[in-house]
Amino acid sequence: MRTCLTIDKFYLMFVLLLLVVSCKTKAIKQAIRPPDPQETVRPYWLAQKYDRVMNIEDRQVARLEGNYLLDLPLQFKTDSIAVFYLSAKIPVELFKKPSAFYPELQEFILIVPDWKFYSEVNKMASKNGMCVEPETTNYYYYIRREEDNVKVDSVRLGGLENPVIDFAKPMVPENLLTVYWKESYGSVCCPRDPMWDIADQDSSFIRSFEERNKFKVTAGRYIQKQGKEGENSIYYTLPGLTTAQRLQFLLEKRAQWRLNSEAKKMPLSTNLFTPQLQQMITTGFNKLEELP
């Protein structure tokens, strides 16, 4: 086996194999890491092939103050584990939070290229005036969410040890709403949800936000009744906005709903936001009604 879980030998001299073609009279060769004495056991959860992998690309991502919005609405199959390939530069730690990154998923696999290895190969090749093709090398993370706990297994593989990957084109059914922000209010009594005590601040917040930023966030906003004591949810679909504008709204909206002065003093943790899909119900008690 060519690879291992550790990177202790990262800075050792790599091996150049297999002359491929000429590149402006310089040889293109393949760079691999030397084998490690401790052989890696292939984990039970890693398949030989993944045929519906979702590629997370930079063009789908906005960044602001250490927070990220992955603007990629997805519908997941209940009979299979979702698999993602991280082409964008997003910290892996953000994927491990229980309430971030498609919180409806109980488990998923994240494939991350070994960018550090590729960078070292490129530096070494440039320094020596060579054309070098790094061996395909990825980290694989199996992430499982159990209530507030997150368990993570990982392995690093290179070359032919990697599973075969086929990418899928994401598609969203027309009868589903893409929701970027959801607010839920509980009962007005019995006991009273504290959210109702600051609900009247929402209109002034929205008005101020739109005036400062010169774009609308109230279009495509829906309300859904969920109980007989005032319980309801409000969904923001934010149509016509850029990914960066959506992220800006999400961050300010999140900061708005801190219920007391002590909470407002606490810094908010960085987060990776993803849109959720909501069934468009048009009849009955819990139908969705568009707000003005």
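Which residues are exposed on the other side of H1?

Author: Lys-123, Ser-126 and Lys-127 are the exposed ones there, where exposed means over 50% relative accessible area, buried means under 20%, and partly exposed is in between (1.4 Å probe, protein chains only). Before going on, a word on the ground rules: this is a predicted model, so local features need pLDDT of at least 70 and side-chain atom pairs count only at pLDDT 80 or more, while totals for chains, interfaces and linings use all residues. Residues are numbered from 1 along each chain as its sequence is written, and side-chain values use heavy atoms, with hydrogens and water left out.

Back to the helix. Helices here are DSSP runs of H or I with at least four residues, strands are runs of E with at least two, and both are numbered from the N terminus. The buried residues of H1 are Phe-117, Tyr-118, Val-121 and Ala-125. They sit on the same side of H1 because they cover an arc of only 100° around the axis, going by the directions from the helix axis to the C-beta atoms. Length checks out too: H1 has 13 residues (115-127), which at 1.5 Å a residue should span 18 Å, and its end C-alpha atoms are 18 Å apart, so the two agree. That expected span is 1.5 Å times one less than the number of residues. Just after H1, Gly-129 takes a positive phi of about 65°.

Cys-190, at 60%, counts as exposed. As for disulfides (pairs of cysteine sulfur atoms within 2.5 Å), a search of the whole structure finds zero.

Now the interior. A nonpolar core is a set of buried Ala, Val, Leu, Ile, Met, Phe, Trp, Tyr and Cys residues joined through side-chain atoms within 4.5 Å. The largest one has 26 residues, and those with the most contacts inside it include Ile-56, Phe-84 and Phe-95. Among the elements giving it two or more residues are strand E4 (49-56), strand E8 (107-113) and strand E10 (137-146). Apart from it lies another core, of 22 residues, among them Trp-181, Met-195, Val-217 and Leu-238.

Last stop: Lys-287, in the loop between strand E18 (276-279) and strand E19 (288-290). At 31% relative accessibility, Lys-287 counts as partly exposed. Lys-287 and Gln-226 are 61 residues apart in sequence and 9.3 Å apart in space, C-alpha to C-alpha.
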